[in-house]
Amino acid sequence: MQPSRHARSSGGIPQALTGSGGGGPLSKPGHQKGQDVGNGVYMLMLANAAIFLADHVLHLPFMQSLYLYHAHPAWWQWVTHMFSHANWGHLSNNLFFLLTFGRLVEETEGFWGVMAVYIICGLGAAAASVLLSPANTVSVGASGAVFGMFAFSVLSRLTSLNLRRLLESIVLGQFVVRQVLEEVAAQVGGGKVMAGGLAVSHLAHLGGALAGVLLVLALGMLPGAGDDSKAGSA
């Protein structure tokens with residue numbers, strides 16, 4: 001079964017270039033800055049690429065059961081849809097931003113931290129889309145999770161006393177704020193359509209960004225959350 005013509009993709013992020021930087025509340029004890037940074041991101045990228053290959057090259061018949069069908073979502077689709085993509089351009093765009101911002105998150109939060117941020121923000125994106133989009137919508141794409149990484153990577157640096165991270169947050173923040181405002185404007189204006197006629201789910205993007213903000217705030221309330229920032233400014 002193909003996604004309906006009303007299917008929404010949580011993709012379609014404009015191309016841009018960003019910087020990097022980072023130690024934060026999700027980091028495992030003993031995690032050293034720069035130590036194996038990128039392994040978690042590469043695992044996520046490989047998972048996205050493998051599912052795309054199975055779906056669009058091998059055409060395995062069960063792959064569309066991984067999409068998130070809003071009318072009657074199966075429990076696994078809340079997670080699997082964020083690894084599925086509508087076409088190559090959709091995947092390529094999301095992989096670019098996942099590599100860029102995912103590395104920033106992993107640099108501060110470690111392997112399991114970037115995994116957690118990706119899944120939690122992707123779930124936030126899915127919740128917003130399912131609650132506020134038409135029931136015949138079918139969602140695929142990683143960009144709700146990626147929008148959450150946008151917000152998380154910037155705000156987690158703003159909570160740091162490290163001058164380098166604060167500078168990174170200012171540079172990255174300009175891009176993130178612009179992206180969020182563009183998503184709001186697009187949603188108010190009726191939305192954009194990707195190549196192939198799939199609608200961009202601006203609601204999913206905004207839901208993912210909101211999840212990233214709430215995650216940073218929640219982590220900041222944990223006991224000892226400021227210890228790493230103090231250590232980083234020494």
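1. In this predicted model, helices α5 and α6 pack against each other at an angle of about 145°, and their axes lie 9 Å apart. The crossing of α5 past α6 is left-handed. On the α5 side the contact is made by Val180, Glu183, Val184, Ala186 and Gln187, while α6 contributes His202, Leu203, His205, Leu206 and Ala209.

2. The largest share, twelve residues, comes from α3. Of the 38 residues in this core, Leu98, Phe101, Tyr118, Met149 and Phe150 are the ones that touch the most other members.

3. Helix α4 deserves a separate look, and a student may ask how many of its 16 residues are buried. The count is 14, so α4 is largely enclosed by the rest of the structure; buried here means that a residue has under 20% relative accessible area. The helix covers residues 143-158 and reaches 23 Å from its first C-alpha to its last, which is close to the 22 Å expected at 1.5 Å a residue.

4. For the chain as a whole, there are seven helices and four strands, and from the N terminus on they follow the order β-α-β-α-α-β-α-α-β-α-α. Of its 234 residues, 49% count as buried. The chain exposes about 10900 Å², and carbon and sulfur atoms supply 69% of that area.

Notes: Residues are numbered from 1 along each chain as its sequence is written. This is a predicted model: local features need pLDDT of at least 70, side-chain atom pairs count only at pLDDT 80 or more; totals for chains, interfaces and linings use all residues. Side-chain values use heavy atoms; hydrogens and water are left out. Helices (H or I, at least four residues) and strands (E, at least two) are DSSP runs, numbered from the N terminus. The expected span of a helix is 1.5 Å times one less than its number of residues. Buried means under 20% relative accessible area, exposed over 50%, partly exposed in between (1.4 Å probe, protein chains only). A nonpolar core is a set of buried Ala, Val, Leu, Ile, Met, Phe, Trp, Tyr and Cys residues joined through side-chain atoms within 4.5 Å. Accessible areas come from the Shrake-Rupley method with a 1.4 Å probe; for residues, only the protein chains shown count as cover. Axes are lines fitted to C-alpha atoms, for helices over the stretch in contact, and angles run from 0 to 180 degrees between N-to-C directions. A crossing is left-handed if the near helix is turned anticlockwise from the far one by less than a right angle, and right-handed if clockwise. Contact means heavy atoms within 4.5 Å.
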